[in-house]
Structures are given as structure tokens and as C-alpha cells.
Amino acid sequence: MNTITLRMKDIDDALEGLNGSNAIREIALQKGRAELKIRQKLEKQYLPILELSKTANGELSGKDKITFESFVQGFYFDRVLRAANLRLGEMTEGRYRLFRAENASDKRSQSGLEMEVMDYYTGKSRSVKSLSGGEAFKASLSLALGLSDVIQSHAGGVQIDAMFIDEGFGALDEQSREQAVQVLQRLSYGNRLVGIISHITELKENIEKKILVQRSSKGSSVEVIS
């Protein structure tokens, strides 16, 4: 009888322990379900933010890799290109037009500020990297002048009174050099100054006001011709 009683007591203790464990598991299960709901709610709130972040940073899968910063820059870059093309068309007799390539060559590269050039002689567009030295100089000069125009027209009160161009004319043939100089001469009106730094004799002869720097064994001398 004592043996049976002890056995029953052991069973009761074991059952009580199991009930306690089940109660603990039930509490843990309820807490887990509550935390899961909170997590699902937070994920639902986070997903739009994640998509917005990927969009702003150009990280959307299968889309053009353009960041928000590049998108805004591209808006103003288009204005610079429009102003630049006025000068480039004049210097190339209407052959070239710069434009922004909005799509990258593949979906893995950042895009938005890449440039291409339309060649109206061939009727095809191509990379600006394919321009020759002289053509690239004309494009660079046109971009600098276009940027100057946009800054002065949009940054209230800002006026660019001086511009200096260091070399680059050596890559141009005689006709191209004359076209570039004519554009620059029209810019130098009133109090505006366009300075050209060059060693080309033909170019120096076409400029009325100049500062000649000559080197000798005794040092350099400066002569102002106006």
C-alpha cells in the first residue's frame, strides 16, 4: 500500500510538473504570437521606406541605376546642354549636338549624367569619348560657356565677368580655331573678359589685347599690348 501511495505521489508530481511546463510554453507561445504581429506590422511600415530608399539610391533591381542626386543634377544638366549646344552648333557648323544619355549601357551601371553626341553628318549618335582632340575641345569649351550662361541666369545676382582658357587650341585646324575665337570674341563685351593662354603664333596674331611673356637667360619679361 505504501508503495502504491508513493507511486501515485510521484505520478501526481510529474503531472503537476508537466502542467507547469505547458503553462510556461503557452505563455511563451502567446508572447511569440504578439511579437510576430508587431514584427509584421513594422515590416509593413518598413517596406515602402525600403523601396523609397532603393529608388533614391538607384538600387532597384532591373531598373536604371540613377540616384536621386543624379536625377536632380540631370535636370539642371539638360539646361547646360541646351546652352552649350548653341555654341557647339556654331563652332561645328551644325554638325554636333550634345545630349544626356538617360539609360546606362547595362542595368548594373549608374546612369543619369552620361553624355552622347549626335553627329548629323552620319545621322547617328555616339559616345563623346569618340570625339577627336579638336572636337572634344570644342565640346568642352561649349560646356564651359553653357555652364556660365546657366549660372548667371539662375543664380540671382551672380555674374561671371572673367573666363580663362588654358591651351587646347593647338588641337584645332585653322577654320575651327577661327570659329572658336569668333565665339569668344562675342563674349568679351562691356566689362567681360575672356583670357586665352596659348603658344600658337596664328592665334596670338588674331588677338588685339595681349600680355606677352618672354623667357630669357636673365629671366622672364612681360609686355602688355593693347
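This is a predicted model: local features need pLDDT of at least 70, side-chain atom pairs count only at pLDDT 80 or more; totals for chains, interfaces and linings use all residues.
Local features are taken only at pLDDT of at least 70 and side-chain atom pairs only at pLDDT 80 or more, while totals for chains, interfaces and linings use all residues. Residues are numbered from 1 along each chain as its sequence is written, and side-chain values use heavy atoms, with hydrogens and water left out.

On confidence, the protein chain averages a pLDDT (the predictor's confidence in each residue, from 0 to 100) of 78, and 81% of the residues score at least 70.

Of the 226 residues, 25% count as buried, meaning under 20% relative accessible area with a 1.4 Å probe, protein chains only (exposed is over 50%, partly exposed in between).

Now to helix α4 (residues 174–187): its 14 residues reach 20 Å from first C-alpha to last, close to the 20 Å expected at 1.5 Å a residue, where the expected span is 1.5 Å times one less than the number of residues. Its buried residues include V181, V183, L184 and L187, and the buried residues of α4 pack against α2, α3 (133–154), β4 (162–166), β5 (193–197) and α5.

Out on the surface, F68 sits in helix α2 (residues 68–91) and counts as exposed because its relative accessibility is 54%.

Technical notes: Helices (H or I, at least four residues) and strands (E, at least two) are DSSP runs, numbered from the N terminus. Contact means heavy atoms within 4.5 Å.
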